[in-house]
Amino acid sequence: MQALDYVSAGRVEEVIGLLASNNGRARILCGGTDLLVQLRENRLSAELLIDVKHIPEFTSIQYDDRTGLWLGAAASCHAICHDPFVVKNYPGLVDAINLIGGVQIQYRASVGGNLCNASPAADSIPALIVHEASCIIVGSNGTREIPVERFCIAPGKNVLLNGECLLAIKVPAVKENFGAHYLRFIPRNEMDIAIAGAGASVALDHAQQRILSARIALGAVAPTPLFVEEAGMFLAGKETGEENIREAARIAQAAARPISDLRGTEAYRKHLCAVLTRRALEKAIERARAS
Amino acid sequence: MNKTVRVQAAINGEEVEFLCEPRQSLLEVLRETLGLTGAKEGCNNGNCGACNVILDGALVNSCLVLAVEINGCHVTTIEGIATAQGLHPLQEKYISHAALQCGFCTPGFIVASKALLDQNPNPSEGEVRQWLAGNLCRCTGYDRIVRAVMDAARPQEENT
C-alpha cells in the first residue's frame with residue numbers, strides 16, 4: 001500500500017478541518033473493509049486517512065420520536081444489527097445490513113461506508129431508500145441533507161464534494177401500519193454480491209387493506225441503486241391484492257436497466273426484478289399488518 | 001517516507017509496544033514485526049478469513065485493520081488460544097475430527113470458532129455454518145470443521 005498518514009480524529013470539526021486543509025488528499029476511514037482494499041490495489045489514492053470511529057456523532061445509533069433514527073456513518077453493521085430497538089422497529093433495514101459480508105466484515109464495515117462506496121449492488125442502499133432515509137453531509141460550507149436516492153451518481157461515485165463527508169444517515173421515525181423488506185438473489189448460498197436486489201416499503205390505512213404510500217428500490221440492475229418512484233405511485237391508494245402487487249413488480253421490472261456480466265445476464269436480472277419486487281412487497285405488507 | 005507511529009496494545013494478554021507505518025496492516029505487523037506468524041495471509045482483501053484475530057471481543061480480518069488502529073486495544077491471535085496447560089478444547093477437536101488437511105486456513109478457523117463459542121456456547125449447526133461463512137477452506141469440504149466446532153461446544157457448555 002502507498003505510504004500515508006493516519007489520524008484518529010476526536011471531533012467532527014477536526015475532521016472538516018483536515019478534509020479542507022488536505023484538499024482532496026484525505027479520506028475518511030470507518031471500517032476500512034472497502035477502503036483499505038481499494039488503496040492496496042491502487043484503485044484509490046490518499047495521503048491521509050482520518051479515522052472517525054472515536055467520534056460519537058459518527059458512531060452513535062440513536063432514536064428520537066420526532067427526528068427518527070440516527071445511524072452514525074461509521075456505526076458498524078454488527079452494532080446496527082444487534083441494536084434491540086433497530087432490530088424490533090426497522091427489520092427491513094436489518095434484512096439488508098445483515099447481508100453485508102460475513103461476521104468479520106460485519107464487525108468492521110459501516111453502513112455509511114457501504115453508501116459512500118456507491119456500488120450499484122450495495123445491499124443497504126435500496127433498503128435505506130424505501131425507508132425514506134437521508135444523508136447528513138458535513139463540510140466547511142456547513143451541513144446539508146439529501147435523500148439517499150440522490151446520493152449515488154455513478155458506479156463508485158457519490159455527490160460528496162471536495163471537503164465534505166457523510167456524517168450520518170437519518171431514517172424517519174417509526175410509523176404505525178408501516179412495513180418494509182429487502183431481499184436479493186445471489187448465485188451462492190452466502191457471501192456473494194447480488195445479481196439483483198429489491199427493497200419495498202408500504203404504509204397501510206387503519207383497516208390495513210389499502211396502501212396509502214409505497215416505495216420500491218432495486219439494486220444491481222442500473223449504474224446506481226434505482227429508486228422506482230412510479231411503482232410506489234401506482235400502489236398509492238390501491239388495495240393490497242395480488243394483481244396490484246404484480247403490476248407494481250412489472251413497473252419495477254420495466255424501470256431496471258441491467259447489464260450482463262459474470263454474475264448474471266441482463267434477461268435473468270430483468271426476470272429477478274419482478275420476482276424480488278413481488279416478494280419484497282408481500283413481506284412488507286405482512287410486516288405492516290403485524291406492526 | 002511517512003513517519004512511523006508508536007502503538008501500544010495488549011496482544012494475547014501481554015502489553016506490547018511497537019513502531020509501524022500507518023499504511024501497515026495489523027496482519028503485516030503481527031507477522032513481520034511481532035513474529036506472530038499464526039495468522040496467515042490468504043487473500044489480503046477480507047474474503048478468506050485466514051488472518052482472523054479477535055479485536056476487543058470482535059472477530060476481524062487482520063488484513064483489513066491498520067496496525068495503528070489497535071492502539072489501546074486487546075488482540076487475541078491463534079497464539080493466544082492454547083494455554084500453558086495444553087491445547088484449547090477447540091484445537092483438540094480439530095485434531096480428533098481431522099478437521100484440516102493442508103492447515104493453512106486452520107488458525108483463522110480456530111480463532112473464528114473461538115469467537116463464536118465465546119458468545120454462543122451452544123450453537124446450532126446452522127449457526128456454526130453461518131458464522132464460519134467468512135472463512136474459506138479448500139481441502140476439507142467444511143463438514144469436519146463444523147463437526148469439530150459442534151463437538152467442542154458440548155464440553156464447554158458442560159463446564160459452565
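Which residues touch the most other members of the largest nonpolar core? In this predicted model, they are A:Ile169, A:Ala196, A:Ala200, A:Leu218, A:Ala252 and A:Cys273, within a core of 149 residues. Helix α12 of chain A, spanning residues 266-290, makes the largest contribution to this core and supplies nine residues. As a general point, nonpolar side chains in soluble globular proteins tend to be buried together.

Apart from neighbours within four places in sequence, A:Ala252 is in contact with A:Ile216, A:Leu218, A:Val228, A:Ala231, A:Cys273, A:Ala274 and A:Thr277. Two of these partners, A:Leu218 and A:Cys273, are themselves listed among the residues that touch the most other core members.

Chain A is divided into three domains: domain 1 covers residues 5-51, domain 2 covers 56-171 and domain 3 covers 178-290. The centres of domain 2 and domain 3 of chain A, taken over C-alpha atoms, are separated by 20 Å. Their contact draws 22 residues from domain 2 of chain A and 26 residues from domain 3 of chain A. On the domain 2 side, the elements giving two or more residues are α6 (91-97), α9 (124-130) and β8 (152-154) of chain A. Of these, α9(A) gives the most, with five residues. Sorted by class, this side of domain 2 of chain A holds 15 nonpolar, three polar and four charged residues.

Chain A also contains an open sheet of five strands, in the order β4-β5-β10-β6-β7, with antiparallel pairing. Its edges are formed by β4 (61-64) and β7 (142-147) of chain A, each of which pairs on one side only. On average, and with direction ignored, neighbouring strands of the sheet are turned by 25° against each other. One of the residues involved is A:Gly139, whose bridge partner in β7(A) is A:Gly142.

Chain B is divided into two domains, with domain 1 at residues 5-79 and domain 2 at 89-159. Here the centres, again taken over C-alpha atoms, lie 21 Å apart. The contact between them takes 13 residues from domain 1 of chain B and 11 residues from domain 2 of chain B. Strand β3 of chain B (residues 52-55) provides the largest share of the domain 1 side, namely three residues. That side of domain 1 of chain B comprises eight nonpolar residues, four polar and one charged.

Terms used:
Residues numbered from 1 in each chain as written. Chains lettered and ligands numbered in written order. Predicted model: local features only at pLDDT ≥ 70, side-chain atom pairs only at ≥ 80, totals over all residues. Core = buried A, V, L, I, M, F, W, Y, C linked by C-beta atoms within 7 Å. Buried ≥ 20, exposed ≤ 12 C-beta atoms within 10 Å, placed from the backbone. Helix = DSSP H or I, 4+ residues; strand = E, 2+ residues; numbered from the N terminus. Contact = placed C-beta atoms within 7 Å. Pairing = 2+ DSSP bridges. Axes fitted to C-alpha atoms, helices over the stretch in contact; angles between N-to-C directions. Domains from an automatic or database assignment. Nonpolar A, V, L, I, M, F, W, Y, C, P; charged D, E, K, R; others polar.
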